[in-house]
Amino acid sequence: MSDPSVVEGDGVSTAPAPNSTTLKKFYHDMLLIRRFEEKAGQLYGMGLIGGFCHLYIGQEAVVVGMQNALLPGDQVITAYRDHGHMLATGMDPKGVMSELTGRAAGYSKGKGGSMHMFSAEKNFFGGHGIVGAQVPLGTGLAFANKYKENGAVTLAYMGEGAANQGQVYESFNMAELWHLPVLYIVENNRYAMGTSVERSSAQPDFYKRGQSFNVPGESVDGMDVEAVFEAGRKALEFVRGGNGPMILEMKTYRYRGHSMSDPAKYRTRDEVQSIRDRKDPIDQFGKKLVDRDLVTEADLKAVDKEIRLIVNEAAEFAIEAPEPDASELYTDVLA
Amino acid sequence: MSTQILMPALSPTMEEGKLAKWLVKEGDEVHSGDILAEIETDKATMEFEAVDEGRIGKLLVAEGTEGVKVNAPIAELITEGGEAQPVAAVSAPAPVAAPKQEVKATAPTPVATAALIEPSVPDGTEMVSTTVREALRDAMAEEMRRDPDVFLIGEEVAQYQGAYKVSQGLLDEFGAKRVIDTPITEHGFAGLGIGAGFAGLKPIVEFMTWNFAMQAIDQIINSAAKTRYMSGGQMHCPIVFRGPNGPASRVAAQHSQDYSSWYAHVPGLKVIAPYFAADAKGLLKAAIRDPNPVIFLENEIVYGKSFPVPKLDDFVLPIGKARVIRPGKDVTLVSYSMGVALVLEAAEELAKEGIDAELIDLRTLRPLDTDTVIESVKKTNRIVTVEQGWPVASIGSEIAAQVVEKAFDYLDAPPARVNGKDVPMPYAHNLEKLALPTVEDVVAAAKAVLYR
Ligand SMILES: Cc1ncc(C[n+]2csc(CCOP(=O)(O)OP(=O)(O)O)c2C)c(N)n1
Ligand SMILES: [Mg+2]
């Protein structure tokens, strides 16, 4: 992609409604993230991935629904729980996994790791380790889109915990004041590390958090990829239409610990299991596809098999790939 | 077909653990996400989930077994035949599967006894082996018992018992009024703490790590450090800001930074950066009692290390005093925090070559105890500073300048500095190792100032 911010083309201003092919793609994309994350967890357990590693398992419907509602040229920025976002933008699982293992073939040449990964080609602006910092950055990307009049929209993701940082509200205010084309996505997975929403938030309805700045918001079932896609499509149309920013609160859930070293004593095993059983975004959507006769159980098994292959290949590649050359220590500090 | 389930590493620092409990038995069907076992790591008991589907074959390690090495096979999983073997990818030889901690694991075992003897500690005082983590907790608990105006506030300090378990037990003892979990809102709660300090309370503000205090640095410097001066002495803020500082393990540029020289630069602050558990305890107690804003820089890598701590009812150390932790005559090695681990080891290496190094642990970075350093240089005539932070405008730069100003005529060689490399911290295992100062760097610098 030459200019990463060209959108308009033939007057398309919104993603098309899903057809059976897109629906199957939703399933595929979600399962890819799930299997990739399981593998990343396993490699972490073997000491092949170090430091902090935050898995996205449970939240797959959010990024898959949103990404599929974007148009070419739109941008994405998020925090450290970013593997899913990257895979959804179409970044290569091998490159992502190699960054996790700290190899030269990784997206940041092994210098960034799990929390700090970027792809200029895919308009993915990171991968940020400081909670909340990505929100004004995303607002600035939107500022540039408006400045260049290129019609692109920025998706700025944050956790519900991050939504308590002051810079988030500074961003909301500026974005509304200047009608910036930014869509804020609050991934409300109910916990920020060991702190539940109830213990951290005076206003736990995050979609209402823009009210005092006149930023509209909507609450979305983040475990339902179709609902996410629909809400995303409408919100993007609104934002792209020059109406200023919007907030989508995605009600979702993380199954694993905050990072690999979180003993997760702040919630019960039953709580996690009951959500897995009732709300799992992949199982539920798979059932829907079967019920609607779009696929068979066997088709879904085949998708799984194909994805496991992709993920295993990515893992093997990331294990075998060489570490960055020692000279890389001093490169990329300044231009 | 059968594959092996391996003992997982469940924290950045884990090398072995206890297989506390099996939650499956031989013959059970498992799906990805099912919990297989409970495993005790260096910090906590964790659940270990299945990645692959299959049936549990043999359990190879009995529950209750301690010291199971990471990557040791713990069970067999019988998977559907013929499929691409999921675990195969990971049973390939792992170039960096070895301890992720390598650099830090070199921290010293041999501690010169001098390191542990504080002049103020009466002869015959019982010494109790204590982790730095416990020493910090004990210091806070003792001060909270002593003064009802002391309270602890920060992210995950209460119910979670601290992100690094430093505040373990404090919520139970002191209750939610005095041990307070905050939202993720550093600029806000740092300012709130400072305001409470203006009003006479004595807050201990924990930053989950000092990296996140950058969100709050305006309040720390503009509000905490300057108010006594700006108000002509009417108002002040007796507050402690504390948390882990400096490079941790493999957490890369935004989470691995040393703020020592940043804060040491600021008039109106005191800055403490201990290494040993006794110093952590005695100086944190002093910091809590101090009527000024104190920056207390801890280090995640040393939290779990044990050192002797004197068993005294009220062990308080003076702020602003360095300590000679090993006397020597040939060269002075000055350091603080994790750097102390390096100089301790370097001194052993140098001794093998007949070089007798004097080691100074600064402990406090502001006010800096230059007297102790100058005294030493007058004796050894050579000095090397050692720290993990960047070289430009570092603590080492300041010491070098002071030594040149105050002891120029005693120097037989220009002061040398050993620092972290002048780059953001890289993630890759090999690059991270290269970015951090090593024992070899210290030995080489010491020899260089000795022209050997
Ligand atoms: C400024 C800052 N403060 C604290 C942290 C440590 N930290 C990392 S993730 C996290 C919890 C964030 O929770 P949330 O925003 O809900 O995102 P989730 O992890 O649930 O995806 C915290 C406190 C940080 N990285 N940056
Ligand atoms: Mg959250």
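The shell around ligand 1 is made up of 10 nonpolar, 8 polar and 4 charged residues, where Ala, Val, Leu, Ile, Met, Phe, Trp, Tyr, Cys and Pro count as nonpolar, Asp, Glu, Lys and Arg as charged, and the others, Gly among them, as polar. This is a predicted model, in which local features need pLDDT of at least 70 and side-chain atom pairs count only at pLDDT 80 or more, while totals for chains, interfaces and linings use all residues. Residues are numbered from 1 along each chain as its sequence is written, chains are lettered from A and ligands numbered from 1 in the order in which they are written, and side-chain values use heavy atoms, with hydrogens and water left out.

Of the 22 residues around ligand 1, those that come nearest are Tyr80(A), Arg81(A), Ala162(A), Asn189(A) and Glu186(B); a residue is near a molecule if one of its heavy atoms lies within 4 Å of it. Because residues from chains A and B surround ligand 1, the site is shared between chains.

| Residue | Part of the residue | Distance to an oxygen atom of ligand 1 |
|---|---|---|
| Tyr80(A) | side chain | 2.7 Å |
| Glu160(A) | side chain | 3.0 Å |
| Tyr191(A) | backbone | 2.9 Å |

The protein covers 96% of the 580 Å² of accessible area that ligand 1 has on its own, with areas taken from the Shrake-Rupley method with a 1.4 Å probe and, for residues, only the protein chains shown counting as cover.

In chain A, Asn312(A) belongs to helix H11 (residues 297-320), helices (H or I, at least four residues) and strands (E, at least two) being DSSP runs numbered from the N terminus. With 8% relative accessibility Asn312(A) counts as buried, that is, under 20% relative accessible area, whereas exposed means over 50% and partly exposed in between (1.4 Å probe, protein chains only). Its side chain makes a polar contact of 3.0 Å with the side chain of Lys39(A).

Backbone geometry in chain B deserves a separate look. Most residues other than glycine have a negative phi, and most peptide bonds are trans. Arg363(B), however, has a positive phi near 60°; this residue lies in the loop between strand S19 (357-361) and S20 and is buried at 2% relative accessibility. Tyr451(B) also has a positive phi, near 55°, but is exposed, with a relative accessible area of 57%, in the segment after helix H15 (439-449). The peptide bond from Arg366(B) to Pro367(B) is cis, with omega near 0°, and Pro367(B) sits in the loop between strand S20 (364-366) and helix H12 (370-380).

Methods. Polar contact = N/O pair within 3.5 Å; in protein donor to acceptor, adjacent residues only side chain to side chain.
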